[in-house]
Amino acid sequence: MHSLSKFILSPALLLLAVLSTASAQIDYSKYVNPFIGGEGPYDGLAYGGGDIFVGGAVPFGVVKMGIDTYEENVTLSVLNGGWTPKGLVTGISMMHEHGTGGGPKYGIVAQMPLTTIPPNVLDNTTYWQRRVGDDTASVGYYKTKLENGVGVELSGARHSGIVQYSFPDGEKHVLVDVSHYIPSLNDGTTGQIFLAGEINVDGAQYTGYTTTRGGFTLGAPFTVYFCGEFDSEPEQARTFRGRNTDPNPGYHSFSGEPIGQATFSSNATLREKSGPLSDRIGAVFSWGPDAPTEVRSRIGISMISAEKACKFKDDEIPSWDLSKTVSAAVDEWNKDVFSRIQVPVDESANQTNLVLLYSSLYMMHLMPSDRTGENPLWESDEPSWDDFYALWDTFRCTVSLLHLIQPDAYEGQVRSLIDIWRYEGYMPDARSGNFNGISQGGSNADNVLADAYVKGLRGGINWTAGYQAMLKDAEVTPPNTYGLPDISASIKEGRGALDDWKNLGYVSTDNTRCISRSVEYALNDYALSVVAAGEAPQDVQKYLQRSAGWQKTWNPDTESVGFKGFLTPRNSNGTWDDQDYNPAKCDGCGWTSITYEATPWEYSFTVPHDMMSIISFMGGAAEFERRLDYIFLPNTSQADLGANAAGITSIMNIGNEPDFATPYHYNYVNKQHKSVNQSRSLANQYFDDTVRGIPGNSDSGALNSWLIWQMLGLYPIVTQPVYLLESPWFSDINITVNGNATLRITSDGDANSLGHSAYYVQSVKINGKEWDKNWFNHEDVMVHGGTIEFSVGENPVVWETGDLPPSPGHVEMKL
């Protein structure tokens, strides 16, 4: 278990390690620090950090049980994961996202332990609590103590959770606010709204539902049923209701009024329903001074019914012993996640590197959520997954890792994306609360499908339907749903600027994010050509040619700090919109800017399917290398990206996904040692095992998966069966690939210092044969397993003499 202030292994966790994991000889969970990335560059604030979830969860679980908080510094408040370093506790709820930017989602189905009835149960400012001492967390477990003296311990299962309250002497109350959710304090366009609910109390059990809308996806109404139970019957239970005074566009509320007082029911009336005015409802459960000081509660949730929620509660958490739920979670994490990548953990191991590796594996498996059997929108035999938040973040390297170590889950995710197209018309770029939205750039489910297809994932996937879903993205402009924060075209799904792309071959300044969308649409169309090669060969050339459309936005005359040739805004009449244009700036890199979350400087490197053309356009290998060198220099950034660049001063911003592959681009000019050095420097500078250990939003584990690839000494090229060779951080790595095969990666460097010194590659062997290329194909070691042997040393050398990494989308376009 790990405390927030000091990362230590507690005696309790050592005991748990002995008692648990019969299926795994090594308890890798003890190397997980759930607090990594919980704080940004400002002391005590989540702003600029990882927006992480801290609490009880299992891999890809629907439930992520943890506290919800309110930060008093509203200007820099970020509440997305519920937990914040010093925020006031407003509740303990069942559902959270992990690592996401944008508007908060969930924080629903909540309880709050109290020692007195607050002046107003509708106003959490009258009962919120500071925490005292240090929070403690480990895999499947979270513990804190509130200012009112109540200790809170909790754990989570797949659709259920358990919480144990340790009250001081005196009254004991648990507030259940059905209308509770995580608010958006700084972005009204993507805030959540409570719409309706119901609660029924029967002795020690309560059931009902809550319906909310909004959040990052600008989502439709979303209903979650709940079934809660206490281990002892309360001496008193009262339901309550009160007017909803939250601004509620499209629904009724008591507008422009302060929060009113709740009206409590009599003991004989233990049922409340919101009704047509969206009234807020809930219940208070009370035990007297003579009752035991410990109160436990088990809660199940379901998207289908309260009856299913009760069944989940009883089946998944049959015992009131919280440690059994923790132990079951640890077992599942060890068996299904941590044991898939095994490294030595003896005294020779670098303990910090172990924590970084297994904490990163933990965080990249918190989302998306496997809701198979829990789809309330349509009946289907296909798997059902939600909380793709967002594929824009995860398509670059997260899905490639899932393909290797979680092939069954990954197949389910791909099938679910296709099923969403069947019933809703488009695959999502992001999806949460069973609702597509919002698309930050291209239709990036296309990239996910292509990456799976080109690496041979078949199983139960209907690839004929998959290609049809991709065709919909490529050919049909989605209707504009006028969603804020960009009402110019659809941001719900599909490609909002598709008309430009089809008619002009690029996205013009008539559309927002014209440069970044041109680059993303190009990769999306390359993705179509990849799947078309097997499913519709007649379409390959069409989409391959369209994938070169980014070249139409490349202006060879645009200059910046001594470099020439950049992506440049282009008008629909073909002229350049380059007056006072500076590719190192982006006017915030937001929804209505020319690029999203990165500058044109950065996007000018992001064409993975045709690096050959990028190198040529930048002036050849030497100029390309010089330009790469420049972007890593400190104090070169001219853009202000707010939380998306907190603490980073170089143009290269590893905290934002468009730059993930850029440090490895030296491989394309056979300078692999520079890729190793630059990526290693970024990892060591911006990632560590502390509360500030992530350089920005974790983004559903996207940043964590980047670090895992870095530590493995590999990097995947999305939509291609290609991996770049770098340099591993461990002397011996055993990865379970393709379900039951083993890839063994070894390095002859010092096991303790590999992450920081003497890591330059001198030579490589793959499957026992000398390897002269700085890359390899998926089939070489990722299908049936194999070996990669690195010989490393102190000095950088150009060891590779073979072919450069491929540019399979290379097109010489006449401009």
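Which residues lie nearest the centre of the second largest cavity? They are Pro 368, Phe 388, Leu 391, Thr 394 and Gln 413, from a lining of 15 residues. This is a predicted model, in which local features need pLDDT of at least 70, side-chain atom pairs count only at pLDDT 80 or more, and totals for chains, interfaces and linings use all residues. Residues are numbered from 1 along each chain as its sequence is written, and side-chain values use heavy atoms, with hydrogens and water left out.

**Cavities**

A cavity is a set of points, on a 1 Å grid over the protein atoms alone, where a 1.4 Å probe fits but cannot get out; lining residues have an atom within 4 Å of a point. Grid points are joined across faces, edges and corners, and a volume is the space filled by probe spheres set on the points. The whole structure holds 11 cavities of 30 Å³ or more. Here are two of them.

| Cavity | Volume | Lining |
|---|---|---|
| Largest cavity | about 250 Å³ | 21 residues |
| Second largest cavity | about 120 Å³ | 15 residues |

Around the largest cavity, Arg 396, Leu 523, Thr 606, Pro 608 and Val 718 lie nearest the centre. Helix α11 (514-535) and strand β23 (714-717) each give at least two residues to this lining. Helices (H or I, at least four residues) and strands (E, at least two) are DSSP runs, numbered from the N terminus. By class, the lining of the largest cavity has 15 nonpolar, 3 polar and 3 charged residues. Here Ala, Val, Leu, Ile, Met, Phe, Trp, Tyr, Cys and Pro count as nonpolar, Asp, Glu, Lys and Arg as charged, and the others, Gly among them, as polar.

For the second largest cavity, α5 (391-394), α6 and α7 (407-424) each supply at least two lining residues. The largest share, 3 residues, comes from α6.

**Helices that meet**

Let us stay with α6. Its axis and that of α7 lie 6 Å apart, at an angle of about 125°, which means α6 is oblique to α7. Axes are lines fitted to C-alpha atoms, for helices over the stretch in contact, and angles run from 0 to 180 degrees between N-to-C directions. Angles under 35 degrees count as roughly parallel, over 145 as roughly antiparallel, 65 to 115 as roughly perpendicular and the rest as oblique. In this pair, Val 399, Leu 402, His 403, Leu 404 and Ile 405 of α6 touch Pro 407, Tyr 410 and Gln 413 of α7, where contact means heavy atoms within 4.5 Å.

Helix α6 (residues 398-405) also comes within 9 Å of α17 (residues 702-712), axis to axis, and the two cross at roughly 65°. On the α6 side the contact residues are Thr 398, Ser 400, Leu 401 and Leu 404. Their partners in α17 are Ala 702, Ser 705, Ile 708, Trp 709 and Leu 712. This contact of α6 with α17 has 6 nonpolar, 3 polar and no charged residues.

**Details of the backbone**

Most residues other than glycine have a negative phi, and most peptide bonds are trans. Pro 368 is joined to Met 367 by a cis peptide bond, with omega about -5°, and sits in the loop between α4 (351-364) and β19 (369-370). Another cis bond runs from Leu 484 to Pro 485, with omega near 15°. In the loop between α10 and α11 is Arg 513, whose phi is positive, near 50°.

Key:
1 Å grid on protein atoms, 1.4 Å probe; cavity = no way out; pocket = protein on both sides within 12 Å on 5 of 7 lines; lining within 4 Å.
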